6 protein chains.
Amino acid sequence: MSAPHKSAPKLPPRDDRDLLTPRPLIVKRGVNPHAPGSAHLKLGRTEILATVTLEDKPAPHMRGSKEGWLTAEYAMLPRATEDRQARERNLQNGRRHEIQRLLGRALRSSLDLRHFRNQTLYVDCDVLVADGGTRVASILAGHAALHDFCDHLINSGRLSEWPVVHNVGAISVGLVGDQLRVDLDYVEDKVARADLNVVATDTGMIIEVQGGAEEGPLTQTEYVQLLEAGTRAVQDIMVDLGRQLSAIQGL
Amino acid sequence: MSAPHKSAPKLPPRDDRDLLTPRPLIVKRGVNPHAPGSAHLKLGRTEILATVTLEDKPAPHMRGSKEGWLTAEYAMLPRATEDRQARERNLQNGRRHEIQRLLGRALRSSLDLRHFRNQTLYVDCDVLVADGGTRVASILAGHAALHDFCDHLINSGRLSEWPVVHNVGAISVGLVGDQLRVDLDYVEDKVARADLNVVATDTGMIIEVQGGAEEGPLTQTEYVQLLEAGTRAVQDIMVDLGRQLSAIQGL
Amino acid sequence: MSAPHKSAPKLPPRDDRDLLTPRPLIVKRGVNPHAPGSAHLKLGRTEILATVTLEDKPAPHMRGSKEGWLTAEYAMLPRATEDRQARERNLQNGRRHEIQRLLGRALRSSLDLRHFRNQTLYVDCDVLVADGGTRVASILAGHAALHDFCDHLINSGRLSEWPVVHNVGAISVGLVGDQLRVDLDYVEDKVARADLNVVATDTGMIIEVQGGAEEGPLTQTEYVQLLEAGTRAVQDIMVDLGRQLSAIQGL
Amino acid sequence: MSAPHKSAPKLPPRDDRDLLTPRPLIVKRGVNPHAPGSAHLKLGRTEILATVTLEDKPAPHMRGSKEGWLTAEYAMLPRATEDRQARERNLQNGRRHEIQRLLGRALRSSLDLRHFRNQTLYVDCDVLVADGGTRVASILAGHAALHDFCDHLINSGRLSEWPVVHNVGAISVGLVGDQLRVDLDYVEDKVARADLNVVATDTGMIIEVQGGAEEGPLTQTEYVQLLEAGTRAVQDIMVDLGRQLSAIQGL
Amino acid sequence: MSAPHKSAPKLPPRDDRDLLTPRPLIVKRGVNPHAPGSAHLKLGRTEILATVTLEDKPAPHMRGSKEGWLTAEYAMLPRATEDRQARERNLQNGRRHEIQRLLGRALRSSLDLRHFRNQTLYVDCDVLVADGGTRVASILAGHAALHDFCDHLINSGRLSEWPVVHNVGAISVGLVGDQLRVDLDYVEDKVARADLNVVATDTGMIIEVQGGAEEGPLTQTEYVQLLEAGTRAVQDIMVDLGRQLSAIQGL
Amino acid sequence: MSAPHKSAPKLPPRDDRDLLTPRPLIVKRGVNPHAPGSAHLKLGRTEILATVTLEDKPAPHMRGSKEGWLTAEYAMLPRATEDRQARERNLQNGRRHEIQRLLGRALRSSLDLRHFRNQTLYVDCDVLVADGGTRVASILAGHAALHDFCDHLINSGRLSEWPVVHNVGAISVGLVGDQLRVDLDYVEDKVARADLNVVATDTGMIIEVQGGAEEGPLTQTEYVQLLEAGTRAVQDIMVDLGRQLSAIQGL
């Protein structure tokens, strides 16, 4: 029993960053005048718009619970990608459902939802431009928009305690040939033989890992190396994100 | 037979513009790295992202014709509005269909479609923020994205002749009480007793007018005054838009 | 910058009516034994069946308002047209949504909706045969069915005041070559270079105008001429319609 | 084991017809100027509009077959019934699917489909008014529209042989209490304890029978009596229908 | 007027059963640990899984009634058939709607629904393997699952009276050439010139008959012979089913 | 910043298995007479039916590729769960999309798809009963059905080389309180504070891991312990599965 081998891909060069460094991150919050929390985030060329909505109605399965709920939605504009995709197809797409479930779990884990009893938070992450890593960029944008939202609640006196219990971020890590690379862009992602999305806290703890081998299975050692590199990169990027969120005062 | 009278609305004040002046317009083109034409446009707080896609396939009803076709789509992000709206509902919405048909007619009238025989152009206008006038802002953003697209075609030598035959823009005009106001924001729109969307050329000719009385019919004189004010305002705004489109070199 | 010119169309002849005269109108009311208001209307070969339904439930966005609401629906039978169209496609069709929004605005403007507080009126206009002008014929049929409905309310003592505040009708006007023609049939509509649907009252006031240039923009003068001819034709046709509605006693 | 007994219903009186006589039938053919075959049929107050469309494309499952196919569709206008029903719900309705499958089988059995090889016939039956018996009235209207269509084919020389091999009609029969009644209207149908739709030929042969007990099972004797009465009534009604179809020359 | 004749089909042989004998029946109840009633049933190779769900909510049209309601659903797994069928298409399928309406009427007629006032019973019949006769096998499986459910209610003391008022079963009968055959498998069904689904009680009374001629109409005599053979076969099969249901004690 | 603490759950007892042992596995292949590969699998009370379909048509995105494609579908029968779920909702469900994407990746990684050039494999996994672990049981059932399918291909001479390159299985592992438990049933899953689905080969290599913390993040050490336990358990279960697949000769 032997696996099929594809010819080894030409490894795409990296611009001016090293293999373990994510692409430049630029975040701006308070970008939507209607939403109580919002953020516009660029990770390289990937571009996300995130908004937070608070609805005074419990999610159906949380009625009677002491906690509120957070639902995340993820969608692409038709021309976020190289080829245009029809809106209706975009919405029914299985990949979209998979991603927004990941987003929801990641963002829910960051909040103490007892502060939102009988309420529902909607975090909408819309991809304006996609160039790899849209799901991890959406988690970062969602975190930024929630930060903006919580600031708003505290400043307006509607909440007295900071409800974010974990600063949750995410990054992708992959194996391109035998090179471990952090934060793959679309071209790198296409040729990677393994690809993990690591969702972790700024203290190096793990929320969730999604993904794995794309071509031939991984050894446990390879898997753990990817996990460790991803966790470290999330810690780095959360420092950068935190600094920008503190500095910027929106719109 | 006498009409119902609502109590006269308190006329909302205008910030620092006079009644016949549109809100500040800011446009940036080349904002999407994948699309051959794109623009980001703000008209006051209303904010539109437009992209152009060229497909090498005729629209079904244009097979065998000497001309190509242009289809426009219009959609709102869930939190473009004061209240969040579900994505699926947004897409099925009758208002959306009405608007994107208007967009399509407006933008088709601006091009010589014989240059795009057996091809289909998609112009996607996505509303990032809505504060009144989204349909006229979408026409302006669509025009800017088409301008960006045509520049691209000419510069790359794929077209030798400028295919835009009419510079088509649009503005809303309304009667608030007895005041004729140009480019109504959401608050003004709510209390207007008449509201026209005037689609016209930079030379003062009419492409289409949509709308009319919202509360009690209009005299023909009132209607013609609105039409004239709208046509004039479109001419003004097209000067501004044209200047910005010439100056800016994208991304 | 010069516009594309299509070869001038052969002007289709008119049967035995002059250019400013609508096609023969035949209306019959009380045609549906279940509905409290109904009408069957022919305008030339175009044929509409309209019914009125009164529901004792406010429309969601009118809860708590002093006024009721009127919703119009427009649909085609599969073989109303030269080619058969699938039912499901008919319902999702963007053109249908555009038209039923126009119908709704036109018919709402004719009633004092304070008489229908916490209620919703449905006016269903189904096209049995289409030969041009289905949207204006639907407005006329909807008006006739509402007239039938109001008669019913008054005669049964359920309403003491006539709730129709404006007799609202509609007609299409277009430019075929340089000829201004009123009430275009399908063949004329196909070759018209401009086409307006004028919704107006029997006193010559304007409710809404929809449409414009189909091939090259219009001068303001051309537009105003079309508007005036349309307004006049609506006044004429409303005299004819009113006479038939008074004379006929249904089923 | 004993069945539940409902209190015996008050038997609704019959207007001026006896128990075995169908309601008055009025049919008019050639009512749609676009369709090659059409009919408008009233059975009492029940009112059906049927059209025939011939498509030069085989149904997917008939590709390569020596025979064509006939598909029937059945739908109700929103206000065909006492209460208004939403269009979308009408289309998804299970009852509709059940009926249009019956219609399809009934009408297919009437034609020699070898005359329509590689073609598909659509028979659309739209219920304008429903007062019981809409499925049998639709079969009768569909038969009339097919008759109109075949006449058209023969007269225009496109077919040399009459393709109708069986004159197929239908009627409902039921037990109201212990009375056997033919062609039940809505009020009778509501209280019937058994209800059969008998589809048969003008020569007394059976195509299909649908239905049965509504309240407590039937003896075989009861069932056969219903079947015989229905078969006889179809023969009678086909004489009436045939006479009207021969006499009338459309629109 | 003469009917088209297909060449007489080669009559498929019967395995080791005679023409009036159904295929072997194997039923097992209590197969689903979550449902209060369930059954797995094989009729030849045709295989059905049926479950009963009791919901403490009246069906919308039964609010205020003294009786509850029973709804049946029928669906095929994608590979129940020779060719795989897409899930979404399976659900929208007209045939499915026709069948589940038949199931519902059959199973409702077997119960005294006064025992389930303000409640709704769902009987789900899923076809694991289809080889002809899926609708009659579903009625038999539904009956078995209801039997299991009622046993459960009685044994747990929640009901003191056996609510099954008629033991309702079903079988298909057909004419293959001139041979009357009972319980046709898929191969026989394909070539049958008539096909009835007889729903009847174990006492020989008729609930409903569905179907008829597939190729050329039937004489009344032929129809009645089919009916009688079907009724008799249902009585036989109900003896077999009853014996198995009494013997087996589930999972 | 401190996380919310829920009161420590009462740890549910394990029947008669230890914490690292999966539930009893019973598999039967060749259970569907129409499909070229099929399996019925029970893991404890969880019960899956899997079928393989081979279509001689490439998936749209694999046209021109040297490899075929494998698509997996996952669905629940309405009463697979404690509460009945509507079929339509089941199909649109985001969870379902997430799972079937995981299934697809897992099963694709097991085959050399160059043997299925220009073809598409469908693996349908239908959950008959759900009691935790349905996604890992579906991977096991899918693997078994593919094994059955490949046997069939080899035995019939249609393939000369065994196309399975990795024996891929899966198991869930979780932390219940501080206990690491393998193959959680529904009750355990509900109270677990972490839950991984480990997809791995019978040689201990990793295909994909899905999941993570459900309540408070995990340390890297905890995560790696779960990963190792899961990988080991997959190896064990694949020995059991392999033995049963070799022994059994289906239907």
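**The interface of chain E and chain D**

Between chain E and chain D the count is four salt bridges. Please keep in mind that this is a predicted model. One salt bridge joins the side chains of Arg101(D) and Glu98(E), with 2.9 Å from N to O.

Which elements of chain E give two or more residues to the side that touches chain D? They are helix 2 (94-108), strand 9 (206-213) and helix 5 (220-247). Strand 9 of chain E gives the largest share of that side, eight residues. Sorted by class, the side of chain E that touches chain D has 15 nonpolar, 15 polar and ten charged residues.

Now to the strands themselves. Strand 9 of chain D, residues 206-213, is joined to strand 9 of chain E by five bridges. How do these two strands run, parallel or antiparallel? They run antiparallel. In this pairing, Val209(D) stands opposite Gly211(E), which belongs to strand 9 of chain E.

Next, the extent of the interface. The size of an interface is often given as the accessible area lost when the parts come together. For chain E and chain D the buried area is about 3,400 Å², and carbon and sulfur atoms give 58% of that. In terms of residues, 40 of chain E are in contact with 39 of chain D.

Then the symmetry. Two copies of a chain are related by a rotation about an axis and a shift along it. Here, chain E is superposed on chain D by a rotation of 180°, with 0.0 Å of shift along the axis and an RMSD of 0.0 Å. The two copies are therefore related as by a two-fold rotation axis. Which C-alpha of chain E is nearest the axis? That of Glu98(E), at 2.2 Å from the axis. Glu98(E) has come up already, as the partner of Arg101(D) in a salt bridge. Both copies use the same surface: of the contact residues of chain E, 98% recur in chain D.

Chain A and chain D are joined by no contact, and their closest C-alpha atoms lie 19 Å apart. Chain B and chain F do not touch either, with their nearest C-alpha atoms 13 Å apart.

That is all from me.

How values were computed. Residues are numbered from 1 along each chain as its sequence is written. Chains are lettered from A and ligands numbered from 1 in the order in which they are written. This is a predicted model: local features need pLDDT of at least 70, side-chain atom pairs count only at pLDDT 80 or more; totals for chains, interfaces and linings use all residues. Side-chain values use heavy atoms; hydrogens and water are left out. Contact means heavy atoms within 4.5 Å. Copies are superposed by least squares on the C-alpha atoms of residues with pLDDT of at least 70 in both. Buried area is the accessible area (1.4 Å probe) that two parts lose on being put together, summed over both. Helices (H or I, at least four residues) and strands (E, at least two) are DSSP runs, numbered from the N terminus. Ala, Val, Leu, Ile, Met, Phe, Trp, Tyr, Cys and Pro count as nonpolar, Asp, Glu, Lys and Arg as charged, and the others, Gly among them, as polar. Two strands pair if DSSP finds at least two bridges between them.
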